[in-house]
Each structure stands twice: as structure tokens, then as C-alpha cells.
Amino acid sequence: YLVSPIPLPADNKGIEALAVSPQGNVWVAPEAGWAGETEIGQDTIHFLKFKKTSTGFNSDGTYSYTIDRSQCPYGKSETRGGISEMISLDENRLLVLERCYDDGKQGSKIVKAKLWEVQVKGTHLEKAASPAFDFNKQLPFIPDNLEAMAWWKKNESGKQQLMLISDDNPGLKNQQRTQVILLTAY
């Protein structure tokens with residue numbers, strides 16, 4: 001095993017997502033932002049990129065990302081929303097999973113989640129005009145606390161598949177459950 005530490009800030013405020021590109025470069029994202037970026041009115045957070053070298057990893061920049069802080073207007077426990085996971089498409093594109101908890105007008109807690117394709121544009125990560133997938137509009141059920149995703153094998157037609165799983169947060173009174181979701185590219 002080769003151990004190559006990645007030089008992350010000590011006060012990271014909750015790293016939630018990690019993606020490895022085809023060339024072995026590493027992207028890291030905080031859940032709701034680094035220190036000073038987590039307030040409701042702050043919609044720009046930053047991802048870090050580390051370039052793989054023959055001796056380890058070197059910082060390859062800080063990239064701004066606009067997070068949607070308005071998805072859960074009735075949220076009481078997590079009004080900031082957050083980056084739950086990300087995965088590399090290639091060296092300059094990522095799929096980023098954003099989710100938040102909304103208590104709704106009647107107090108029924110639901111998770112809202114969207115999958116965004118983002119493109120590196122200089123030092124910015126630019127979102128596509130619309131989500132690659134909106135879990136609350138494109139699923140026949142309400143998603144739960146989506147926390148992880150990984151590439152799955154291609155289907156019989158050669159289409160790429162993405163598997164996601166939710167965290168059931170055992171012990172919580174809201175009766176969350178584990179869901180495994182398989183999305184197929186079209």
C-alpha cells in the first residue's frame with residue numbers, strides 16, 4: 001500500500017464528498033462549506049482539487065461552486081443544504097449530489113435531492129442549466145437521506161449506470177430507511 005496524505009485544512013467543517021478522476025486526481029468538497037461559508041446567505045462554497053504526482057498529491061486549486069440554499073425553505077434542522085456526494089465523469093466534469101431536509105408546510109420532513117453535472121471553467125465549477133436528475137420529480141417515491149454513489153456496471157444496452165444509497169440514521173424518530181437507487185443513462 002502506498003500512503004500519500006492529502007494536505008487538507010485542519011478546520012474542514014465536515015468533508016462530505018470525494019471524487020477520483022480517471023487520471024487519479026482527487027476532488028474534495030465540504031458538506032455545507034468551509035469555515036465562513038456555511039451561512040444561509042452564502043451561496044458560494046469551494047471545492048479543493050489535488051493533482052496526483054509520482055510522490056503523492058499536490059494542491060491543484062480551489063474552485064468556487066454555487067450551492068442551492070433555497071431548496072428547503074421549511075427546513076428546521078438543516079436549512080443550509082449540502083453536498084452529499086460527488087463522482088468524476090472525466091478530468092473536467094463532476095456529478096454533484098445536493099440534498100437538504102425540508103419540514104414542509106405540514107411538518108412532514110422530506111429530503112430534497114438533485115444531481116448536478118458541473119464543468120470546470122477556470123476556477124469555477126459551473127452547473128448545467130438544469131439538474132441531471134431531480135430525485136423529487138423523477139422518482140415514483142420520495143428519496144431518503146442520499147449519502148453515497150458509485151458507478152455500476154453498464155446495462156445490456158451499454159448504458160452507464162449510477163448506484164446511490166441512503167443513510168437510514170438509525171435511532172431517529174423520523175423512521176428513515178435505507179434505499180438503493182440505480183439510475184441508467186439515456
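This is a predicted model: local features need pLDDT of at least 70, side-chain atom pairs count only at pLDDT 80 or more; totals for chains, interfaces and linings use all residues.

Residues are numbered from 1 along each chain as its sequence is written, and side-chain values use heavy atoms, with hydrogens and water left out.

**Overall make-up**
- The protein has 12 strands and 1 helix, where helices (H or I, at least four residues) and strands (E, at least two) are DSSP runs numbered from the N terminus.
- Along the sequence the order is β-β-β-β-β-β-β-β-β-α-β-β-β.
- Of its 186 residues, 41% are buried (under 20% relative accessible area; exposed is over 50%, partly exposed in between; 1.4 Å probe, protein chains only).

**Salt bridges around arginine 99**
- The whole structure holds 8 salt bridges (a side-chain nitrogen of Lys or Arg within 4 Å of a carboxyl oxygen of Asp or Glu).
- Arginine 99 pairs with glutamate 16 at 3.9 Å, N to O.
- Arginine 99 lies in strand S6 (residues 93–102) and glutamate 16 in strand S1 (residues 15–20), so the pair ties together parts 83 residues apart in sequence.
- Arginine 99 is buried at 2% relative accessibility, while glutamate 16 is partly exposed at 24%.
- A salt-bridge network links Glu16, Glu31, Arg99 and Glu147.

**Salt bridges of arginine 93**
- Arginine 93 forms a salt bridge with aspartate 90, with the closest N and O atoms 2.8 Å apart.
- Arginine 93 also meets glutamate 117 in a salt bridge, at 2.9 Å, N to O.
- This second pair links strand S6 with strand S7 (residues 110–121), the two residues being 24 apart.
- Glutamate 117 is partly exposed, at 29% relative accessibility.
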